[in-house]
Amino acid sequence: MLELALKGDKKYWGLVIALLTLSGVGFAVYLKQLDFGLGITGMSRDVSWGFYIAQFTFLVGVAAGGVMVVLPKYLHDYKAFGRITILGEFLAISAVTMCLLFIIVDLGQPMRILNVLLYPSPGSVLFWDMIVLNVYLLLNIVIGWNVLEAERNNVHYVSWVKPLIIISIIWAPAIHTVTAYLYCGLPGRGFWLTAILAPRFLASAFASGPALLILLCLIIRRFTKFDPGREQIQSLAKIVTYAIIINVFFFLCEVFVVFYSRIPSHMSHLQYLFVGLHGHGALVPWMWTAMAFMVTSIVLLVIPAARKHEGVLAFACAILFIGAWIDKGMGMISGGFVPNPLHHVTEYMPTLPEILITLGVWATGFLILTILFKVAVGVKEEVSGVKDTCESC
Amino acid sequence: MENSRRSFLKVAGITALGLGTKPVLDVFAASGGHGAEPKPEVSKNEKALTAKRWGMVIDTRKFHSKADLEPMIEACHKIHNVPKLTEPRHEIMWLWEDEYKHVFTHIEHELINDRIKHLPFLVLCNHCEKPSCVRVCPTKATFQRDDGIVLMDFHRCIGCRFCMAACPYGSRSFNFRDPRPFIKEQNKEFPTRMKGVVEKCNFCAERLAVGKMPACVEASNGAMTAGDLEDPGSEVRELLRTNYTIRRKPDLGAGPSVYYIV
């Protein structure tokens, strides 16, 4: 099926070349990082995880969010999503790939990465994260490819794929839960030391993943002959609506617990993020933007007339995605490190090389996404020449 | 033809899977009761200092200013080839000093007496009884010895910095760049590190092994004492018995082994 990715118009190749260029630039800067060390980033002794790990965390969410089209189709037999499950699966593949790349670029000694397998440590959450992410990647590759190929050949997919699909549905929340456990089990890091962290991660995942899918569906409809479908997009929109409301609710639960209990080691991080601490407040405008974006998106999504207008829906999804990205991709990780365990405030901002490497990884992920979606859409276009909907799947 | 290629791939795949998972399976096998392999015996240096559980008592009454702490920090950093980096973000510290309100965050208060308020305190790895850094390390590059000392294998560390996030005392440093150009005088008896690995105080394990007390203890003129916390007759136990001591963040349950007399 990959041959479908080799036939495209100028716009397609333009996009591919642009993404290749970005990832090439990122790779070149990464070589510089390999040579010099992680010192070319803005990370420090106090903020020892930064942009890379934050992107990783956010993208695990996007990957898990893909399940929101798979689950209704296979567990609730919601047939309309049959048209777009492949988009969810392929989005998961590209997102998990980015996650793995972000882990690799964050390592001080990446050539020793196999030590994780050679000296397996079941006590470490990172060990389990490595397992769940790789298995999720594999599951989505096998499932996506088999189901799409079956659709192309106008047959039902082979029977052993079904159990894998069920496993992948359970696996999706698992990857994000394990990722939250990386943080929320650490003593002395008050910002993360909360049982709501994994649920919060999941809520934000199930909002931002499907929001991105809606945007991708609208793009696909505009630039290809395949229409993911109005009903499908609207159903996704409802999922996004509830998920983002739950996300903000969970956040407010956290805010209540922290500020009513007034325990300084828990309060200081939220203070740093939202009002600044001891005169340091680099993230304050970002965090308020994130909140404003998420709340605005809720208002737009909750009103049925607004949600049903696809222009408004696209806008709401875009600001929601950006808001959730700032919340998790900027605030969630460095916020946990500021102030440090000795209550010193060392601020963190990514450096230019760090941003270029980050962009390179995103570009690589979107390149994979572009190619996979091209294949998927190609198959859909082929099949729709024969008949309108795929009843067999 | 097709068939044989397919079966070859199957066999190759299964073999690769088997080889890949062997270490993983070994771990689970090892946690079972039987088949404990005999460990190779390495005989100890006869002069080696040993303890059931190493600990330290720091008598802060004997310090008055930063200058009083310099000799210990200097001794530690010199023999362990700790670089002096100019960029604060990249700093490497094994033993350093900080104010009371930063060191004892759980008990600090505004009205504490002037001596304590302005006194610099020595900070180092606490060699916790239940170290969270060891728990989170995905490669066992940081590990706890039977005598309680928490060590780093600089050659195994992949530089994921999970241990730095897990340490509630900020005791760990990461080599953000090659540290070697920043070491003034290299001590050839202790390894230098490379970029991309984490490091921290090692309780001078290399000195204990040849019968010497930790370098900071030796340089402290009796203000610092190291010894066996489980030996009721040890000097540290005597100090703990006769003085009021505090530890850093004991409420977290990690069981820090460094005690402070204030």
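The following legends describe close-up views of a predicted two-chain model. Residues are numbered from 1 along each chain as its sequence is written, and chains are lettered from A and ligands numbered from 1 in the order in which they are written. Because the model is predicted, local features need pLDDT of at least 70 and side-chain atom pairs count only at pLDDT 80 or more, while totals for chains, interfaces and linings use all residues.

**View 1. The largest nonpolar core and A:Ala63.** The largest nonpolar core has 187 residues; such a core is a set of buried Ala, Val, Leu, Ile, Met, Phe, Trp, Tyr and Cys residues joined through C-beta atoms within 7 Å. A residue is buried if 20 or more other C-beta atoms lie within 10 Å of its own, exposed if 12 or fewer, and partly exposed in between, with C-beta atoms placed from the backbone. Residues with the most contacts inside this core include A:Ala63, A:Leu87, A:Cys99 and B:Leu95. Helix α4 (residues 85–106) of chain A contributes 14 residues, the most of any element. Helices (H or I, at least four residues) and strands (E, at least two) are DSSP runs, numbered from the N terminus. Leaving out residues up to four places away in sequence, A:Ala63 touches A:Ala92, A:Ala95, A:Val96, A:Cys99, A:Tyr136 and A:Ile175; contact requires C-beta atoms, placed from the backbone, within 7 Å.

**View 2. Packing of α2(A) against α4(A).** Helix α2 (residues 51–65) of chain A packs with α4(A) at an angle of about 160 degrees, and the axes are 8 Å apart. Axes are lines fitted to C-alpha atoms, for helices over the stretch in contact, and angles run from 0 to 180 degrees between N-to-C directions. The two helices are therefore roughly antiparallel (under 35 degrees is roughly parallel, over 145 roughly antiparallel, 65 to 115 roughly perpendicular and the rest oblique). Among the residues making the contact are A:Phe56 and A:Ala63 of α2(A), and A:Ala92 and A:Cys99 of α4(A). By class, the contact residues comprise 16 nonpolar, one polar and one charged. Ala, Val, Leu, Ile, Met, Phe, Trp, Tyr, Cys and Pro count as nonpolar, Asp, Glu, Lys and Arg as charged, and the others, Gly among them, as polar.

**View 3. The side of chain B that touches chain A.** Here 43 residues of chain B are in contact with 35 residues of chain A. Elements of chain B that give two or more residues to this side include α1 (2–30), α5 (132–136) and β6 (173–174). This side of chain B has 21 nonpolar, 11 polar and 11 charged residues.

View 4. B:His127 counts as buried because 26 other C-beta atoms lie within 10 Å.

**View 5. The surroundings of B:Gly255.** B:Gly255 lies in the loop between β9 (245–246) and β10 (258–261) of chain B. Because B:Gly255 has 16 C-beta neighbours inside 10 Å, it counts as partly exposed. Beyond its neighbours within four places in sequence, B:Gly255 contacts B:Cys128, B:Glu129 and B:Lys130.
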